[in-house]
Amino acid sequence: MKECPECGASLVEDGAEMITFEPDESVVIDAFMVQACSNHCGYAVRVQAEEE
Ligand SMILES: [Zn+2]
């Protein structure tokens, strides 16, 4: 179990997505996993996708 480097609470995996509106009016949705602090201190790190 990984721990939050900020407060020592456990990290939990969570899904996140970032929506970007391009200048040409297209919309890019980037979905990814993050490991976020279960204590909600604000720490979160993006998890790199595993190579399949
Ligand atoms: Zn924390």
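How many helices and how many strands are there in the chain? The predicted model contains zero helices and three strands. Read from the N terminus, the order of elements is β-β-β.

Confidence was examined next. The mean pLDDT of the chain is 92. A value of 70 or more is reached by 92% of the residues. Among the elements, strand S2 has the highest mean pLDDT, at 95. Strand S3 has the lowest, at 92.

S2 covers residues 27–37, and S3 covers residues 44–47. Four bridges link S2 and S3 in the antiparallel sense. Across from Met33 stands Val47, a residue of S3.

The loop between S2 and S3 holds Gly42. Is Gly42 buried or exposed? Gly42 has 10 C-beta neighbours inside 10 Å. A residue with 12 or fewer such neighbours is classed as exposed. Gly42 therefore counts as exposed. Glu6 and Gly42 are separated by 36 residues in sequence. In space, their C-alpha atoms are 8.9 Å apart.

Overall dimensions were considered last. The chain has 52 residues and a radius of gyration of 14 Å. Along the principal axes, the C-alpha atoms fill a box of roughly 45 × 30 × 15 Å. Buried residues account for 6% of the 52 residues. Contacts were also sorted by sequence separation. Of the contacts between residues at least 6 apart in sequence, 39% join residues at least 24 apart.

In summary, the chain is built from three strands and zero helices. Gly42, in the loop between S2 and S3, is exposed.

Key
Residues are numbered from 1 along each chain as its sequence is written. This is a predicted model: local features need pLDDT of at least 70, side-chain atom pairs count only at pLDDT 80 or more; totals for chains, interfaces and linings use all residues. Helices (H or I, at least four residues) and strands (E, at least two) are DSSP runs, numbered from the N terminus. A residue is buried if 20 or more other C-beta atoms lie within 10 Å of its own, exposed if 12 or fewer, and partly exposed in between; C-beta atoms are placed from the backbone. pLDDT is the predictor's confidence in each residue, from 0 to 100. Two strands pair if DSSP finds at least two bridges between them. The radius of gyration is taken over C-alpha atoms; the globule rule is 2.2 Å times the number of residues to the power 0.38. Two residues are in contact if their C-beta atoms, placed from the backbone, lie within 7 Å.
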